[in-house]
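The exercises below ask you to read a structure step by step, and each task is followed by a worked solution. Please keep the sequence and the coordinates open beside the text as you work.

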Amino acid sequence: MFQGRRHPIAAMGCLPLLAWVKAAGWVGRHTPAMPSRPPPSPVLPPVLPGDLAVWVFIAAELLVFGVFFAAYGVTRSHHVALFNAQQAELNTLAGAVNTLLLLSGSYGVAQAVGAARREAYGVAARWLLAGLGTGIGFLVIKGGEYADKLAAGITLSTSPFYMFYLSLTFFHFLHVLAGVIVLALLFVQMRGQQGRQARGERPGATHLNTLESGAAYWHMVDLVWIVLFPLVYVLH
Amino acid sequence: MCSTKSPSGRAPRPAKGRLTWTWCLLLLATLLTWQLGESGLAGRPAVLVLLGIAVAKGWGITEQFMELRHGPLLWRLLIGGWVVVMALLLGSIFLFLSV
């Protein structure tokens, strides 16, 4: 009844051909789906999680960090011995632990997104809390590193290496701080969802989009550190 | 992996095992980076190995955690390609200008 009315060609005995074309996914999303049948193909159209504006923001942030990293590399090429000597003064263990914390935080937030999609809001809130904990841990360790350097009399004007070390890592530090605030807000939102669910109310319509957007930002902070850590702490 | 839909039908659920495996490999890669730094690896081998590890870790974050493997090609290339571009750029600077 469906095909014959919608596609005159099907009435001429081409129904199997049409079914095959649909199954191959050539028709596209605009083809009206038949509610009584399963989806024609398991392949889903591409989906960008969260808000498009967040992805544009992420791309802009990555560009800024990219310019910083290139400037570090070029400046280092003029002071290789100085950069190598002062890099050796950094606490590589603290940098490595911070990397582990950020990666674990990203894992927690990715799990929170999965849990929220399953409408397991309590589980999502707990994963967000774990992510929040790793972010705070990062800030505490990084703050300790800064305190050590400042106590040793190191400032932005000490050397080109420390100018880059302090400015680059502090710029990233501020991003982590913003991410921690975002995760705290998402945690509060997720607890709200959990409460509404417990009362039998409908969850808010935009909560998943907000969570996915915040998660994408948090992963970006992680992604930047993945390059920053080997570049500033290890490579020589 | 693509056959499971979320309740909203907007995006596939991230598979739990996939995320956990990605996390474990990312932690191992980080420990490797740290150990290579501690071992005193320097010069060209250090540049190639460490930036190679960074690219692999970047792939784990963008494709798995950020779920760009389900995303439009433009964004996969733009965000996922950032680490690759960084590795090529920094690798070139380190190999041809510095070391």
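Helices, here, are DSSP runs of H or I with at least four residues, and they are numbered from the N terminus. The model is a predicted one.

**Exercise 1. Describe the secondary structure and the burial of chain A and of chain B.**

Step 1: chain A has eight helices and zero strands, whereas chain B has three helices and zero strands.

Step 2: in chain A, 47% of the 236 residues count as buried, and in chain B the figure is 49% of 99 residues.

Step 3: the accessible surface of chain A is about 10,800 Å², with 69% of that area belonging to carbon and sulfur atoms; chain B exposes about 4,800 Å², of which carbon and sulfur atoms supply 72%.

Step 4: for contacts in chain A with a separation of 6 or more, 77% involve residues 24 or more positions apart, while in chain B 58% of the contacts between residues at least 6 apart in sequence join residues at least 24 apart.

**Exercise 2. Find which elements build the largest nonpolar core, and which of them gives the largest share.**

Step 1: the largest nonpolar core has 87 residues, and those with the most contacts inside it include Trp55(A), Leu128(A), Ile79(B) and Trp82(B).

Step 2: the elements that give two or more residues to this core are H3, H5, H6, H7 and H8 of chain A together with H1, H2 and H3 of chain B.

Step 3: the largest share of the core, 19 residues, comes from H8(A).

**Exercise 3. Determine whether Leu183(A) is buried or exposed, and list what it touches.**

Step 1: Leu183(A) is found in helix H7 of chain A.

Step 2: the relative accessible area of Leu183(A) is 0%, and because buried means under 20%, this residue is buried.

Step 3: leaving out residues up to four places away in sequence, Leu183(A) touches Val109(A), Leu128(A), Gly131(A), Leu132(A) and Trp218(A).

Step 4: Leu183(A) and Val109(A) are 74 residues apart in sequence, and their C-alpha atoms are 8.6 Å apart in space.

**Exercise 4. Work out how H4(A) and H7(A) are oriented to each other, and which residues meet.**

Step 1: the axes of H4(A), residues 80-87, and H7(A) come within 9 Å and cross at roughly 55 degrees.

Step 2: the two helices H4(A) and H7(A) are therefore oblique to each other.

Step 3: Leu82(A), Phe83(A), Gln86(A) and Gln87(A) in H4(A) meet Pro160(A), Phe161(A), Tyr162(A) and Phe164(A) in H7(A).

Step 4: by class, this contact has six nonpolar, two polar and no charged residues.

Notes:
Residues are numbered from 1 along each chain as its sequence is written. Chains are lettered from A and ligands numbered from 1 in the order in which they are written. This is a predicted model: local features need pLDDT of at least 70, side-chain atom pairs count only at pLDDT 80 or more; totals for chains, interfaces and linings use all residues. Side-chain values use heavy atoms; hydrogens and water are left out. A nonpolar core is a set of buried Ala, Val, Leu, Ile, Met, Phe, Trp, Tyr and Cys residues joined through side-chain atoms within 4.5 Å. Buried means under 20% relative accessible area, exposed over 50%, partly exposed in between (1.4 Å probe, protein chains only). Axes are lines fitted to C-alpha atoms, for helices over the stretch in contact, and angles run from 0 to 180 degrees between N-to-C directions. Angles under 35 degrees count as roughly parallel, over 145 as roughly antiparallel, 65 to 115 as roughly perpendicular and the rest as oblique. Contact means heavy atoms within 4.5 Å. Ala, Val, Leu, Ile, Met, Phe, Trp, Tyr, Cys and Pro count as nonpolar, Asp, Glu, Lys and Arg as charged, and the others, Gly among them, as polar. Accessible areas come from the Shrake-Rupley method with a 1.4 Å probe; for residues, only the protein chains shown count as cover.
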